[in-house]
Structures are given as C-alpha cells and as structure tokens.
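I hope they are handy next to your viewer.

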Amino acid sequence: ALWPDADGDAAHSALSTTIQRLRLLMGDARAIQVKEGRVSLDPRYCYVDVWAFEHILGEADSAWKMEEIDKAIQLTERAIALYNGEFLHGDTGEPWTVSMRERLRSKFIRSLSRLGHYYQEKGPWDMAIECYQKGLEVDELSEEFYRSLMTCYRESGRMSEAISVYNRCKKTLFAMLGIEPSSKTEAVYKSLR
C-alpha cells in the first residue's frame, strides 16, 4: 500500500528503512513495535489521542453505570474535548479508516447525547444547549439533537431560537436527504406555537 510500484523485496526493504528512521525521530526504538508482521506504537512510549479518547470514555461509561455522576460528567467532558473531528478526515478514499472513523464518531455522539440529556433533566439549559450544538456540528442530520435543542430553547423561554432550529432542521433534511422532519420533530415544533 505504501510503495505500490515496488516489488516485494524492495517494498520490504523500504518499510524496514522507514521504521528505523521513525524510531530515530521518536528518540526511542521501543516506541515502534514490529510483531508477527504488524507495525504498531507502544502505548508505554506514545500518546495517541484516539486511545486516550476511548480510554476516558470507557471510564466515563463505568462511572455513569456506578452512578458516580460528578466523575462521569468530568470524564465525559474531557473525552468530548479530545474529539477534534473525523478520524483521518483527509483519507476518505481509504476503506480501512471507515470503521474506525464511524466508531469514534458514534461514541462521540452517544456521549454528547448522554451528557446533554443529563443537563436537560437537571436544568442547566445552557450546558445542554452547548452539547446539542456540538452534536449538530458533527451530525447535522440528527433529528434527536434538533428536537432536544428546540426543547431546551423552549424551556428557557427562547422561542425564536427554538423556531430557528426547527427551520434549520427542515432545510437541512430536505437539502441532504429530500425528506421532511419526523412526526416527533413536528410535535416539538407545534409545542412552540
């Protein structure tokens, strides 16, 4: 994949040379591991934001289950702050990136939704609104985020903003998918009037 024009021996030699150079650049040969024909980073020597994101979310999930709410909120917010958009965004033509990209995106959206719903139930509307807005920045087709955002604006007395969110939802869904908002979204909109 890295040297498509090279034959097997030349490609293997180029890979070996590249790994050696990378080890020199990193300053520690142990940082790059080669085992059973696979090259990987050693987590004892390398920080990888994807690993940190998934680890922190795992801890947050455990804290939510144990009802350690303050800890769960702190960890979820920390993980959300690590997510800087799609995994290897520029490599859309590489099939091997798709499953990782979608898995991380799904975890991010699920975490934002959980945190937003928590804030929505407890009343800090601005915190819930922030979660749902971040969610729409990542997934502009999520009617759940639109509905929740409309509800938060309604409950905080910001009707014009709630209606604006509905209009954005309607325009986006029609432009991207050629569909109208669901009956659930329409029901929230009717509650605004």
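1. The lining of the largest pocket divides into 15 nonpolar, two polar and one charged residues; Ala, Val, Leu, Ile, Met, Phe, Trp, Tyr, Cys and Pro count as nonpolar, Asp, Glu, Lys and Arg as charged, and the others, Gly among them, as polar. There are 18 lining residues, and Val39, Ser40, Leu41, Trp51 and Trp96 lie nearest the pocket's centre. Two or more residues each come from α1 (8–26), β2 (38–41), α2 (49–65) and α4 (95–122). The volume of this pocket is about 590 Å³.

2. A word on provenance: this is a predicted model, where local features need pLDDT of at least 70 and side-chain atom pairs count only at pLDDT 80 or more, while totals for chains, interfaces and linings use all residues. Residues are numbered from 1 along each chain as its sequence is written, and side-chain values use heavy atoms, with hydrogens and water left out. Helices (H or I, at least four residues) and strands (E, at least two) are DSSP runs, numbered from the N terminus.

3. On a 1 Å grid over the protein atoms alone, a cavity is a set of points where a 1.4 Å probe fits but cannot get out, and a pocket is an open set with protein on both sides within 12 Å along at least five of seven lines; lining residues have an atom within 4 Å of a point. Grid points are joined across faces, edges and corners, and a volume is the space filled by probe spheres set on the points.

4. How many cavities of 30 Å³ or more are there? The count comes to one. The largest cavity has a volume of about 40 Å³, and Leu57, Asp61, Trp64, Thr76, Arg110, Ser111 and Arg114 line it. By class, the lining has two nonpolar, two polar and three charged residues.

5. Next, α2 and α3. Their axes (lines fitted to C-alpha atoms, for helices over the stretch in contact, with angles from 0 to 180 degrees between N-to-C directions) are 8 Å apart, at an angle of about 160°. That makes α2 roughly antiparallel to α3; angles under 35 degrees count as roughly parallel, over 145 as roughly antiparallel, 65 to 115 as roughly perpendicular and the rest as oblique. The contact (heavy atoms within 4.5 Å) includes Phe53, Ile56 and Leu57 of α2 and Ile73, Leu75 and Thr76 of α3. Its residues divide into 13 nonpolar, one polar and four charged.

6. Helix α3 (residues 69–82) also packs on α4, at an angle of about 135° with the axes 10 Å apart. That makes α3 oblique to α4. Ile69, Ile73, Thr76, Glu77 and Ile80 of α3 meet Phe108, Ser111, Leu112, Leu115, Tyr118 and Tyr119 of α4. This contact has eight nonpolar, two polar and one charged residues.

7. Finally, the axes of α7 (residues 159–177) and α8 (residues 183–192) come within 10 Å and cross at roughly 150°. The two helices are therefore roughly antiparallel to each other. From α7, Met159, Ala162, Ile163, Tyr166 and Cys169 meet Thr185, Glu186, Tyr189 and Leu192 in α8. By class, there are seven nonpolar, one polar and one charged residues in this contact.
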